[in-house]
Amino acid sequence: MLIETARRAHAAAKETLALVNEGSASCAEMREMLEESKAAVAALVAAQTSAAASIAGRERHGDGGTQVLADAAGLSQRDARSQVKTAQVIEAVPAVRDAVESGRVSQANARRLADAVEKTSAADVASDGDLLANAESMRPEQFVREARRWTADHQADGGAADYRRLRSKRSVRVFDGDDGMVHLRGEFDPVTGKRIASRLRAQARHLYDADREHAADNDDAERRSFDQCMADALDNLTNITSARQGTGKPLADICVVAHVDDDTGELIAELPDGERLPQTVLEQLSCNAKLTGVVYDRKGKPIWRTESRRTVTESQWQLLVARWGGCFHCGANPGICQGHHIEPASRGGPTKLDNLVPACWTCHHRIHHDGWRMHKRPDGNHTLHPPDTVSFGSARAPDHVPALFKPGTQHDPDPPPPPPRPAPSRGEPGSPASPYHEPLLALT
């Protein structure tokens with residue numbers, strides 16, 4: 001019975017293809033056929049996935065049917081695994097499962113719904129009819145942003161745990177290939193990934209445009225492809241001596257869009273592609289950012305914009321170094337420190353010396369991600385305390401104010417041992433010594 005049904009479906013598909021190729025069908029007929037075939041294809045994909053899972057269960061394969069589905073349907077291991085996992089997750093939400101099997105929800109949107117179920121709960125997804133309606137009506141490019149926002153809104157910590165999970169998976173590998181090339185492979189959390197991509201594209205665009213201008217004056221000039229410019233941009237940006245382009249301006253970094261939620265009054269921050277940022281990440285980015293205020297009308301048209309400004313100026317940084325000599329808490333070398341707002345800039349903290357301290361990467365991470373608390377003392381000797389601790393030493397300015405020095409010169413003292421948490425090294429994007437260290441924070 002099953003085999004006969006599958007053969008009839010195959011014969012119907014071949015007959016449909018022959019009628020389309022014949023060329024006698026009208027555009028209206030073919031559009032209607034596309035709609036009908038969407039449901040048929042969705043049902044067949046669901047049948048394939050269910051059959052593969054059933055075989056794997058009976059034969060105890062242990063992979064949920066991934067290998068069977070990959071072999072039978074000609075899918076990659078990655079696509080087969082994703083399809084099997086999606087089917088398993090949405091099984092707990094019958095309304096979503098039925099919408100997928102009937103073709104009303106695409107496989108791409110089904111994966112986003114499955115991800116939402118895993119990060120919140122099946123009950124949350126099942127109870128929100130608007131989410132399912134959006135999955136049915138939106139293209140995958142649109143729904144991915146909607147699903148991210150919905151998921152962040154329904155997570156108790158605003159997505160902080162999910163962000164930490166992604167960040168914990170970050171990695172970079174450099175290895176020699178058999179083709180004589182050196183291969184680079186990296187995975188990053190959303191903020192770091194967007195930041196690196198923005199820097200590389202900005203530098204690559206500069207190189208690409210320079211090649212185009214040169215080629216216009218020289219007919220035999222060789223032009224690099226944009227991918228080649230991206231490779232050269234990475235080489236340039238990892239070499240501090242060639243990081244500037246002669247303009248003295250910072251290179252493009254990352255844009256964070258923040259707005260006040262109409263219902264809750266809370267500040268919501270997102271990357272331009274809709275990736276929601278936890279409050280802790282926003283506060284850390286705000287410590288070393290350019291701020292641009294924008295006001296929109298009801299139709300989304302910008303009607304007012306402020307000039308961008310650096311939150312910590314060069315003169316303020318020099319005064320902070322002279323005042324503290326290094327990290328306000330542990331005394332680490334200023335070359336691995338950043339300006340930290342005691343009252344977060346994302347919550348209106350002013351960029352004034354009495355609201356700023358130099359914090360090394362480790363202490364800065366403790367404040368924004370590990371729950372450490374600062375106590376702002378009237379005498380300026382501020383202290384830093386771990387969670388649930390009343391006191392933890394006393395940080396104060398040194399008795400001897402060190403002479404200002406330029407990082408990287410012969411007067412630069414030996415830096416302390418590397419901090420336990422990964423962070424940019426001196427001169428890399430993100431450190432005060434870098435010519436392009438400040439991300440853009442657009443407040444709307």
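Modeller: On a 1 Å grid over the protein atoms alone, a cavity is a set of points where a 1.4 Å probe fits but cannot get out, and lining residues have an atom within 4 Å of a point. Grid points are joined across faces, edges and corners, and the volume is the space filled by probe spheres set on the points. The model is a predicted one: local features need pLDDT of at least 70, side-chain atom pairs count only at pLDDT 80 or more, and totals for chains, interfaces and linings use all residues. Residues are numbered from 1 along each chain as its sequence is written, and side-chain values use heavy atoms, with hydrogens and water left out.

Biologist: What volume does the largest cavity have?

Modeller: About 30 Å³. The count comes to one cavity of 30 Å³ or more.

Biologist: Which residues line the largest cavity?

Modeller: A160, Y163, R164, P278, T280 and H369 do. Helix α10 (residues 160-168) gives the most, with three residues. Helices here are DSSP runs of H or I with at least four residues, strands are runs of E with at least two, and both are numbered from the N terminus.

Biologist: Why is L200 called buried?

Modeller: Buried means under 20% relative accessible area, exposed over 50%, and partly exposed in between (1.4 Å probe, protein chains only). L200 has 14% relative accessibility, so it counts as buried. L200 sits in helix α11 (residues 190-217).

Biologist: And R60, buried or exposed?

Modeller: R60 comes out at 77% relative accessibility, so it counts as exposed. R60 lies in the loop between α2 (27-59) and α3 (66-73). R60 also has a positive phi of about 60 degrees, although it is not a glycine.

Biologist: Which residues of α12 are buried?

Modeller: In α12, C229, A233, N236 and L237 are buried. They cover an arc of only 85 degrees around the axis, so they are on the same side of α12. That arc is taken from the directions from the helix axis to the C-beta atoms. On the other side of α12, D227 and D235 are exposed.

Biologist: How do you know that β1 and β2 pair?

Modeller: Two strands pair if DSSP finds at least two bridges between them. Strand β1 (residues 171-176) and strand β2 (residues 182-187) are joined by six bridges and run antiparallel. For R173, the bridge partner in β2 is R185. The two strands form a hairpin with five residues between them, and G180 in the turn has a positive phi of about 90 degrees.

Methods
On a 1 Å grid over the protein atoms alone, a cavity is a set of points where a 1.4 Å probe fits but cannot get out, and a pocket is an open set with protein on both sides within 12 Å along at least five of seven lines; lining residues have an atom within 4 Å of a point.
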